Amino acid sequence: MDLPDDKRYYRIGEVSRIIGVETYVLRYWESEFPQIRPNRADTNQRTYQKKDLELIGEIKRLLYEEKLTIEGARQRLRQKKEKGSVDGAVVAEIKANLHEILKVLS
C-alpha cells in the first residue's frame with residue numbers, strides 16, 4: 001500500500017481506491033469494527049489518517065486473504081491489541097524505574 005508522504009488526511013473515495021474496496025464496504029466496516037472511527041471534516045466528510053488506512057488494510061487482509069468472518073477478524077484485532085497492551089505495561093514499569101533513578105540522581 002503506497003501512501004503519499006505529504007498527505008495527513010484522506011477522504012473516503014481516496015481510501016477506497018488505495019485499499020481496493022468500494023466506499024459502501026468501508027462504511028459497513030465502520031459499523032462492524034469499533035476501531036475504525038474516521039474524523040469528520042467541517043463538511044461532514046469522513047477524513048482518514050494513515051493509521052486508519054493501515055487498520056483498514058489489516059481488516060481487508062483478514063477478511064479476504066485469511067478468509068475470516070467479521071467476528072473472527074474482530075477477535076483477531078482484539079487479541080492483537082491485548083498483546084500490545086502487555087508491552088504497554090512493560091513500558092510503564094520501565095518509566096517508573098527511570099523516575100526512581102532520576103530521584104536518586106537528583
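Modeller: Lys-67 sits in the loop between α3 and α4, the latter spanning 70-105. The helix to look at is α3, residues 50-65. Keep in mind that this is a predicted model.

Most residues other than glycine have a negative phi. Lys-67 is not a glycine, yet its phi is positive, about 60°. Lys-67 is also exposed, because its relative accessibility is 65%, and the cut-off for exposed is over 50%.

The protein has four helices and three strands. From the N terminus, the order of elements is β-α-α-β-β-α-α. The protein has 106 residues, and 27% of them count as buried. Take the contacts with a separation of 6 or more: 49% of them join residues 24 or more positions apart.

Next, into α3 itself. Leu-53 belongs to this helix. Its relative accessibility is 0%, so Leu-53 counts as buried. Leu-53 and Ile-19 are 34 residues apart in sequence, but their C-alpha atoms are 7.6 Å apart in space.

Glu-58 is also in α3. Is Glu-58 buried or exposed? Glu-58 is buried, because its relative accessible area is 18% and the cut-off is under 20%. Its side chain has a polar contact with the side chain of Arg-61, at 2.8 Å. Setting aside residues up to four places away in sequence, Glu-58 touches Leu-77 and Lys-80. Both of these fall within the 70-105 stretch of α4.

Then there is the neighbour α2. The axes of α2 and α3 come within 12 Å and cross at roughly 95°. So α2 is roughly perpendicular to α3. From α2, the residues that meet α3 are Val-25, Leu-26 and Trp-29. From α3, they are Ile-56, Ile-59, Lys-60, Leu-63 and Tyr-64.

Two of those residues deserve a second look. A search of the whole structure turns up one aromatic pair. Trp-29 and Tyr-64 form that pair, and the geometry is edge-to-face. The ring centres are 6.2 Å apart, with 80° between the planes. Trp-29 lies in α2, residues 23-32, and Tyr-64 in α3, so the pair ties together parts that are 35 residues apart in sequence. Tyr-64 counts as partly exposed, at 39% relative accessibility.

Helix α2 has another packing partner. That is α1, residues 12-19. The two helices pack at about 100°, with axes 9 Å apart. So α1 is roughly perpendicular to α2. On the α1 side, the contact is made by Ile-12, Gly-13, Val-15 and Ser-16. On the α2 side, it is made by Thr-23, Leu-26 and Arg-27.

Strand β3 covers residues 46-48 and pairs with β2 over two bridges, in the antiparallel sense. Arg-40 has Arg-46 in β3 as its bridge partner.

Thr-47 counts as buried because its relative accessibility is 13%, and the cut-off is under 20%. Beyond its neighbours within four places in sequence, Thr-47 contacts Tyr-9, Tyr-10, Pro-38, Asn-39, Arg-40, Ala-41 and Asp-52.

Last, the loop between β2 and β3. Asn-44 is placed there. Asn-44 is not a glycine, but has a positive phi of about 70°. At 51% relative accessibility, Asn-44 counts as exposed.

Key: Residues numbered from 1 in each chain as written. Heavy atoms only, no water. Buried < 20%, exposed > 50% of the residue type's maximum accessible area, 1.4 Å probe, protein only. Polar contact = N/O pair within 3.5 Å; in protein donor to acceptor, adjacent residues only side chain to side chain. Contact = heavy atoms within 4.5 Å. Pairing = 2+ DSSP bridges. Phe/Tyr/Trp six-rings, centres within 6.5 Å; stacked < 30°, edge-to-face > 60°. Axes fitted to C-alpha atoms, helices over the stretch in contact; angles between N-to-C directions. Parallel < 35°, antiparallel > 145°, perpendicular 65-115°, else oblique.
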